[in-house]
Amino acid sequence: MSRLAHGGLIDRSRSLSFTFDGRRYQGHPGDTLASALLANDVRLVGRSFKYHRPRGLFTADSSEPNGLVQIGSGNDCDPNAKMTTVELVDGLEAVSQNRWPSLQFDLRAVHDWIAPLISAGFYYKTFMWPASFWEKVYEPLIRKAAGLGALGGAPDRRQYTRHYAHCDVLVVGSGPAGLTAALHAGRAGARTILAEEDFAFGGQLLRRRQVSEDGITAAWLDEVIDELANCENVTLLPRTAIFGAYDGGHFAGLEKPCNGTPYRTWKITAKRTVIATGCQERGIVFGGNDVPGVMLASAIRTYAERFGVKPGDSAVIFTSTDDGWRSAAALARCGVDVAAIVDPRTDVDQRLTQDSKIDAYCGAVIEDVRGGRRGVRDVRIRDSDGVRRQIRCDLVGVSGGWTPNIGLTCHLGTKPVWDSKIQSYVPGQLPNFMAAAGSVAGLCTTMEACRSGAETVNQILDSLGFQRQRVALPASAAITLAQKPVWRVPTNTRKAFVDMQHDVTDADIEQAHREGFRAAEHVKRYTTLGMATDQGRTSNLNGLAILADARNTNVADTGLTSYRPPYVPVPIGALAAENREAAFRPIRLPPSHQWAEDRGAIFVDAGQWKRAQYFPRPGETDWRDTVDREVSTVRNSVGFCDVSTLGKIDIFGPDAGQFLDHLYINNWQKLAVGKARYGLMLREDGFALDDGTTSRLRSDYYIMTTTTAQAGRVFQHMKFAHQCLWPDLDVHFVSVTDQWAQYAVAGPKSRKVLQKLVKMDISNEAFPYMGAVETELCGIPARLYRLSFSGELAYEIAVPARYGRALADALMEAGQEWDICPYGTEALGVMRIEKGHAAGPEIDGQTTAFDLGLGRMMSKKKDYIGRKMAERAALNDPARPTLIGLKSVNPDAIFQAGAHILPCRTTNSAEHDLGYVSSAAYSPGLENYIGLGFLSHASERVGQQVRAVDLVRRRETLVEVCDPHFVDPEGLRLHV
Amino acid sequence: MFDPPPYLGLAAPLFPLVENRRVTMLMARDGHETALRMRLSRELGVSLPETGRSTGDDSLWIVWSGARQWLLVGNIGSWSPAPYAYLSEQSDGRAIIAIPTEKARHIFAHGSALDLEDSAFSRGQAALTKLNHFPVLIWRSNDGEDRIFMVVIRSYLESLDAWVREIVGG
């Protein structure tokens, strides 16, 4: 065991049991999976992405590139979890990834031997022949051989949730700057949210609790956290990574599960935000820098001081920063034998060298680390005189400098600026709702970070009108922060990794440069540098420096790649939250829904609506039996269908007719009161938007109907037209779709049925075709329209929605003697195809009035939306496919929508394509499969035989081109 | 033959529906808002609310509902706003749910970016928004019991109720 005898922020009084690759281990509350494994002497934690090299932990935080595991098992597992951020809980199951057959013995490690063949971008140059093998063979093989974890494949049953929050001040990060900022904001009474990615607050203070070198004591940290936790206006969000910054002060966060709580996505709207995300220690690129046991110096220190774990017995610290020296001293205090400090600098602060009792090699570098999957064996250093020597050790701590965690500050497009003092990028000019505090704004001491947090938040509090409150900051000792970036030590012996998660070496970057990639963004994509789940947090700057070296320029002039959300990986389930399965989207139910359900209706989704598709009766075993029966009943007697889902819009005002003239292609101002008219409206580009009937019920009142699917779109279109194009028109409109339950009553007996229910005379003479009237039905207000979508004598009757069910019952009772039946959308579709009416499949956004055979409706006496664009020559070309009827030559030969229409005796190729089938159905009356479609030179082809070729369903049907009006082409039935 | 329920709604909604109230949409004609305001005050004894506000009480609420549009919730008899405005009947098209404000805050925290805390949404305020993709109009009671009234399109009612149940664990 490598657990230190004392120290650390773990609860040693309790033990937690967990497994890694099936083997059981023990840890303590307060441990991460990473620290618990180290405490159990587990050094090998993963295999690398491409070469399957053995890897150990490199960091102690969310920038970890190596320690990726699958948490849980079965379908509810989380792949690619960083073990450095997984809070240890009892019963936790973790499994290593990307290895076969085991982590210890991975046969795919053979990739490391053939590394010269699979360097950066190899797949762009190899596997070129035969081309068809790429998708079928090569890519699947590459994906199988290289990669990360895998999902279970079955639905994830775990709960996810979402939470919106609002605050005056959002503080991201709980290091000294974040805590101080939150404390000031909390005391001032501002609504404050403090979000921390870790499960413990404190940031870097957590690893300094034992030594308090800055004078920040554990007691101060506990006091601050305790005060914030008890402050009503402060919300503490531990385990919550803010992963995206968006316009207007919106931030997205991901809260990890804890003790049975689900993953939670936070959407936070903040008036002001303090970014206090600190900085990240970076490594140095040298030979063998990925051997298990090579870690960031700060990570080793975190394991020792926060978790009470000794990651090795004998350490060498390779540092070009003063902080590396302090890490070495801290390790020595924890009982780790620090064999040497290797510092490339020759001007190290004497206070550090004098205080240190460790062998120090200034002006020296580590050239190579030797070891294998069991860990580091020794390091080879080259001192300032060029003398090489070997030092035995099992742990190498690396400190190559500090990089501010600026990701969030760049999500809105802010360009970071180069700070030559710290040789790294710091936030640029931030949006006014965002400010950076602490070491993210530039390397600083703990005390300076506290002051920065206080100053930043006090300016924010002033701007928001809060009274500043005094907060005593703890006294702090002065420390040195000198650093000299050392990006890499050139080596010719062993691979030197820049991006460990994506197996990108210094040689890969140089190769990319040799092949002509100069820009940082191009090199990133060619080599995949920084494109892994850690977003290159430990590798980006080293990679840029190597590129700068190849370009013979400096890092600042090399450019920087873009930062985009998410800052940490986010499960898709957390984004969907509760919106899954039945709650995937809102569902709308028409007034007759329960009535239809009681009668065994089968429902179909029509946009958000659930509509009755058909009403099977006992004995009907096939949906076609039911639909054929419903169609025949309507054609021969009477049936009714709920059309409440059609969009309905009340339009008021003296200019309502003029407004309709602008919307529709035909004329409306002269429509008589009590009459309905069919209309087609176009988009601004001249293509058909929607169709429907609009009725004039009073001189200044119309009611428009739209299709079910386009109701919202049409209403939006009307709003735009009124607010932006014709704001002077005295017209007002509002949706009344849900106000009315509306049924189409169709068939030769429909008048007899309805006449039983309404007092008014509805004979053909008194209420002719296209009549519309406000009336009463059994004493309740109703509207009656003489409209037909089926081609039969038909009416549509509307009553207030609460009466919808009662009206359905009344229709059934009134039509009983004619064997009335309800019919669904399938029968509705069959009958409208028989009648040749265009619907959604025809008005699909790609057709014009001309295509739909409605060119003659287009008024030449007025202007309307889409008129000019519809006049474009290409849209009026006779060769353009127009609406046509189709029927199978063999009546029983099926053809379906989507089939292409091709001439007989040609190959099935695009050059012969004449058009396509848009709708098709079996017509029980014609005893034939029929359809509608769009065909080039359609009128010239009537009577010809063509082929309906369905490449998806592998079906080809000989069909005859015909008039689209299969039933009652003269329209006689409508007028009886 | 017609014996309808008093309101087309759920048999047992999680939160009570405001029933037996007539709901009408009032749309003011351009340039006639002042005259309409005076007419309302004189004939119905209520004032026309400003943008994002509501006025009235349990007998008649007037809730801002968009540009020159207000929802009237309550019996207005045969009152007509002509010639200054138009009325559209919405009694069957909208359902109104009353939710104690504290519970509404919890529900909205799961599905809306709207801030319902006192400092952002005080008594009498109104807003058009979306709650987990459901378009809703809400207003906070002016006085008496602190409640949020939520107007939802009738056809969404069952779906919304199911989602709210999941959120509050009902």
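Predicted model: local features only at pLDDT ≥ 70, side-chain atom pairs only at ≥ 80, totals over all residues.
By contact I mean heavy atoms within 4.5 Å. With that rule I looked up the contact and found 45 residues from chain A and 45 residues from chain B.

Residues are numbered from 1 along each chain as its sequence is written, chains are lettered from A and ligands numbered from 1 in the order in which they are written, and side-chain values use heavy atoms, with hydrogens and water left out.

Next I checked the area buried between chain A and chain B (accessible area, 1.4 Å probe, lost on being put together, summed over both). I got about 3,700 Å², with carbon and sulfur atoms giving 54%.

Then I turned to charges. Counting a side-chain nitrogen of Lys or Arg within 4 Å of a carboxyl oxygen of Asp or Glu as a salt bridge, I found three across the interface of chain A and chain B. I noted that B:Asp92 and A:Arg802 meet in a salt bridge at 3.0 Å, N to O.

Last, I went after disulfides, meaning cysteine sulfur atoms paired within 2.5 Å. For A:Cys821, I saw that the nearest cysteine sulfur, that of A:Cys641, is 10 Å away. Is A:Cys821 buried or exposed? I have it as buried (under 20% relative accessible area; exposed is over 50%, partly exposed in between; 1.4 Å probe, protein chains only), at 0%. A:Cys778, on the other hand, is partly exposed at 42%.

Note on methods
Buried area = accessible area lost by both parts, 1.4 Å probe.
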